[in-house]
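Here's a quick briefing on pockets and helix packing. Take a look at the model first, then read on.

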Amino acid sequence: MAYGTATIPACDKLFGPGNSFVAEAKQQVAQGGAAAIDMPAGPSEVLVIAAAGATPACGAADLVAQAEHGPDSQVLLLTDDAAMLAAVEAEVERQVALLPRQQIARQALSASRLIQVETLDEAFAISNRYAPEHLILALREPRDWLGQVQAAGSVFLGAYTPEALGDYCSGTNHVLPTAGAARAYSGVSVASFQNLISVQSASADGLAAIGGCARIIARAEGLDAHERAVALRMEVAA
């Protein structure tokens, strides 16, 4: 797709999920200038922010579901409630024991963390620094907290929105930034397949107003032809 064949034209943009080999191939394609790619992507990850009143079994299920992706998946839970942390920990152990992919999930969970914070504000501060691929808000009024989300690939609100819906059928694209890339990248969307073309037009008065600025900068850069291209038009306009 990136380079084309005798019968298939090369593409301009190459998007989509894949394993570490796919990610490396996409980055090599992009570095070579053959096609644009969506974003650098690494192992999948989820961060759950849970408060008292959330259902521990549901939070644990989301953690375990993410862990079964692969041994390098990243799984985190932040809560301001000690009882919630303990209950989720017990549920994770109970649920992972039932998995056919138990060995893979346990490898991921061995590097995962359940963290108690002082306040939910602290949880969001940590989340924004981490910039998770998937952020689950297991809170009583999750939409009220959206304003505190500054960096995340995709956000899942409330008890009835498991991350697995986003994987398969809720309608959002599931190609999302990982490894903190959500601070700079967005997930793939319809807009990703579009190019934005800027257009400018100056009148004689507009050229007279800003042309001098362009000439000063051109001289400072030592680009005499740039300055002349502006100066000639300013002379004509005068």
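**Pockets and helix packing**

In the second largest pocket, α2 supplies the largest share of the lining, four residues. Heads-up: this is a predicted model, where local features need pLDDT of at least 70, side-chain atom pairs count only at pLDDT 80 or more, and totals for chains, interfaces and linings use all residues. Residues are numbered from 1 along each chain as its sequence is written, and side-chain values use heavy atoms, with hydrogens and water left out. Helices (H or I, at least four residues) and strands (E, at least two) are DSSP runs, numbered from the N terminus.

**Second largest pocket**

- The second largest pocket holds about 280 Å³ of space.
- It has 19 lining residues, and Ala54, Thr55, Ala138, Gly158 and Ala159 sit closest to the centre.
- Two or more lining residues come from each of α2 (56–67) and β6 (134–138).
- By class, the lining of the second largest pocket splits into twelve nonpolar, five polar and two charged residues. (Ala, Val, Leu, Ile, Met, Phe, Trp, Tyr, Cys and Pro count as nonpolar, Asp, Glu, Lys and Arg as charged, and the others, Gly among them, as polar.)
- A pocket here is an open set of points on a 1 Å grid over the protein atoms alone, where a 1.4 Å probe fits, with protein on both sides within 12 Å along at least five of seven lines; lining residues have an atom within 4 Å of a point.
- A volume is the space filled by probe spheres set on the points.

**Largest pocket**

- The largest pocket has a volume of about 630 Å³.
- Its lining takes in 27 residues, with Gly18, Asn19, Gly42, Pro43 and Ser44 nearest the centre.
- Helix α1 (residues 20–31) gives the most to that lining, six residues.
- The lining of the largest pocket comes out as eleven nonpolar, twelve polar and four charged residues.

**α2 with α3**

- α2 and α3 pack at about 55°, with axes 8 Å apart. (Axes are lines fitted to C-alpha atoms, for helices over the stretch in contact, and angles run from 0 to 180 degrees between N-to-C directions.)
- The two helices are therefore oblique to each other. (Under 35 degrees counts as roughly parallel, over 145 as roughly antiparallel, 65 to 115 as roughly perpendicular, and the rest as oblique.)
- On the α2 side, Pro56, Ala57, Ala60, Ala61, Leu63 and Val64 meet Met84, Ala87, Val88, Glu91, Val92, Gln95 and Val96 in α3. (Contact means heavy atoms within 4.5 Å.)
- That α2 with α3 contact has eleven nonpolar residues, one polar and one charged.

**α3 with α4**

- Helix α3 (residues 82–96) packs against helix α4 (residues 102–110) at about 155°, with axes 10 Å apart.
- α3 and α4 are therefore roughly antiparallel.
- Val92, Glu93 and Val96 in α3 touch Gln102, Ala105, Arg106 and Leu109 in α4.
- This α3 with α4 contact has four nonpolar, one polar and two charged residues.

**α7 with α8**

- The axes of helix α7 (residues 204–221) and helix α8 (residues 224–237) come within 9 Å and cross at roughly 155°.
- That makes α7 roughly antiparallel to α8.
- The residues in the contact of α7 with α8 divide into nine nonpolar, three polar and four charged.
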